[in-house]
Amino acid sequence: MLTDMATTIWTRRHILSLIDFTPEEYETVLQTAASFLKVLSGRTKKVPALQGRVVANMFFEPSTRTRSSFELAAKRLSADILNFSPGNSSLTKGETILDTAKTYLAMGADIMVIRHKQAGVPQIIAQEMDRLNSGVTILNAGDGLHQHPSQALLDLFTITSVLDPDNPRLELLKGKKIVIVGDILHSRVARSNIYSLTTAGAEVHLAAPPTLLPQDFRHMVKDNSQGKLLLHWELDSALKDADFVMTLRLQKERMTANFIPSLREYHRLFGITRDRLKVCHPDVKVLHPGPTNRGVEITSDLMDDPELSLVSKQVTSGVATRMALLYLIGISNGS
Ligand code: NCD
């Protein structure tokens with residue numbers, strides 16, 4: 001299996017955004033993730049692909065699943081992993097983020113996985129690493145309101161695997177209706193998903209109150225995109241015949257004003273419930289990137305229903321997808 005994957009041509013050094021991802025790159029990620037999912041469900045669960053390489057997990061913002069998912073992915077590839085958390089680091093002593101990155105570089109880090117509350121930080125570190133000719137590759141694990149490429153790629157892998165578990169691929173999404181509901185304004189997950197899903201040819205419908213879904217989002221779809229992007233400021237028309245419904249957390253920590261009247265009112269108008277899903281396609285499935293405000297954007301019983309909810313599958317797919325990303329940028333940049 002690894003011999004097949006090693007022949008894959010992958011030229012992208014850093015994964016910072018999905019804005020310019022090509023269909024070929026998406027397909028490569030899907031195929032590689034599918035191979036790693038098999039490794040994870042096998043007996044050994046580990047491959048030596050990144051043995052001797054160092055992955056630095058640099059999360060300047062709180063995270064549970066993304067951070068653990070990258071950590072496990074790196075371990076399953078036999079890399080050595082450095083875990084950084086800002087609270088007990090030298091940042092509290094005034095060190096800059098670039099100095100932190102250079103410290104990890106001096107320790108031999110090959111791949112830096114970076115999350116930061118400000119948009120653009122992974123890109124700045126990538127530019128500095130390139131300027132130094134370091135050979136270090138950067139993986140954006142979520143920057144401010146900008147991008148979250150690994151989440152959208154794991155969502156793509158989850159959805160295409162539901163449609164064809166043996167051969168997840170982009171064309172399965174052609175003409176599928178995917179609804180993204182919730183706090184789109186503050187969501188880097190939505191911004192990355194819009195690029196991947198419309199490139200795959202899906203019909204993406206965004207639904208939120210006007211305060212959380214500005215008109216500007218119309219312009220996110222690229223001219224050459226096969227897919228469509230439609231906006232809704234109420235839920236029922238968006239949900240009609242939907243194949244997949246992706247709910248988003250109300251991101252209170254990123255809000256600077258009162259965007260909704262109350263959580264109860266928000267739930268009444270935009271919360272996903274069993275009842276509301278009745279207008280969707282009979283095989284509809286629900287996704288959520290987590291963490292979830294149970295009872296706000298989605299009812300608790302729906303989230304735990306294995307027939308309807310893909311939430312656990314997203315987490316499992318996440319490890320395989322992140323293995324694929326670390327592997328692809330790891331093998332294309334270095335020994
Ligand atoms: C998302 C994030 O951090 O942007 N979560 C995640 O990575 N699993 C979404 C969120 O925080 O609501």
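What covers the buried residues of helix H3? The cover includes strand S1, strand S2 (80–84), strand S3 (111–116), strand S4, helix H6 (149–163) and helix H11. Here "buried" means under 20% relative accessible area, while "exposed" means over 50% and "partly exposed" is anything in between, using a 1.4 Å probe and the protein chains only. The helices (H or I, at least four residues) and strands (E, at least two) are DSSP runs, numbered from the N terminus.

Before going on, a word about what you're looking at: this is a predicted model, where local features need pLDDT of at least 70 and side-chain atom pairs count only at pLDDT 80 or more, while totals for chains, interfaces and linings use all residues. Residues are numbered from 1 along each chain as its sequence is written, and side-chain values use heavy atoms, with hydrogens and water left out.

Back to H3, which runs over residues 65–76. Its buried residues are Thr66, Ser69, Phe70, Glu71, Ala73 and Ala74. After H3 comes Ser78, with a positive phi near 70°.

Most residues other than glycine have a negative phi, and most peptide bonds are trans. Lys45 isn't a glycine either, yet its phi is positive, about 65°. You'll find Lys45 in the loop between helix H2 (23–41) and strand S1 (54–59), and its relative accessible area of 30% makes it partly exposed. Asn133 also has a positive phi, about 50°, although it is not a glycine. Asn133 sits in the loop between helix H5 (121–131) and strand S4 (137–143), and it counts as exposed because its relative accessibility is 70%. As for peptide bonds, a cis one joins Gly290 and Pro291, with omega about -10°. Pro291 belongs to the loop between strand S9 (285–287) and helix H10 (300–303).

Gly290 also brings us to the ligand. There are 13 residues around the ligand, and the closest are Thr66, His148, Arg188, Arg249 and Gly290; to be on that list, a residue needs a heavy atom within 4 Å of the molecule. Now look at the polar atoms. A polar side-chain atom of His148 is 2.7 Å from a ligand oxygen, one from Arg115 is 3.0 Å from a ligand oxygen, and one from Gln251 is 3.4 Å from a ligand oxygen. Taken alone the ligand exposes 310 Å², and the protein buries 96% of that. Those areas come from the Shrake-Rupley method with a 1.4 Å probe, and for residues only the protein chains shown count as cover.

Gln251 turns up again beside Ser187, which touches Leu248 and Gln251 if you skip residues up to four places away in sequence. A touch, or contact, means heavy atoms within 4.5 Å. Ser187 lies in the loop between strand S5 (177–181) and helix H7 (188–199), and at 0% relative accessibility it is buried. Its side chain reaches the backbone nitrogen of Val189 at 3.2 Å. That's a polar contact: a pair of N or O atoms within 3.5 Å, where, within protein, one must be able to donate a hydrogen and the other to accept it, and residues adjacent in sequence count only if both atoms are side-chain atoms.

His116 is buried, with a relative accessible area of 8%. Beyond its neighbours within four places in sequence, His116 has contacts that include Phe60, Ile97, Asp143 and Arg188.

Finally, how far apart are the ends of helix H11 (residues 311–332)? Its end C-alpha atoms are 31 Å apart, which agrees with the 32 Å that its 22 residues should span at 1.5 Å each. H11 bends by about 25° at Ser317, where a bend is the angle between axes fitted to the seven residues ending there and the seven starting there. Since 16 of its 22 residues are buried, H11 is largely enclosed by the rest of the structure. Ile329 is in H11, and at 0% relative accessibility Ile329 is buried. Ile329 and Arg13 are 316 residues apart in sequence, but their C-alpha atoms are 6.1 Å apart in space. Leaving out residues up to four places away, Ile329 touches several residues, among them Trp10, Arg13, Ile111 and Leu139.

Methods: The expected span of a helix is 1.5 Å times one less than its number of residues.
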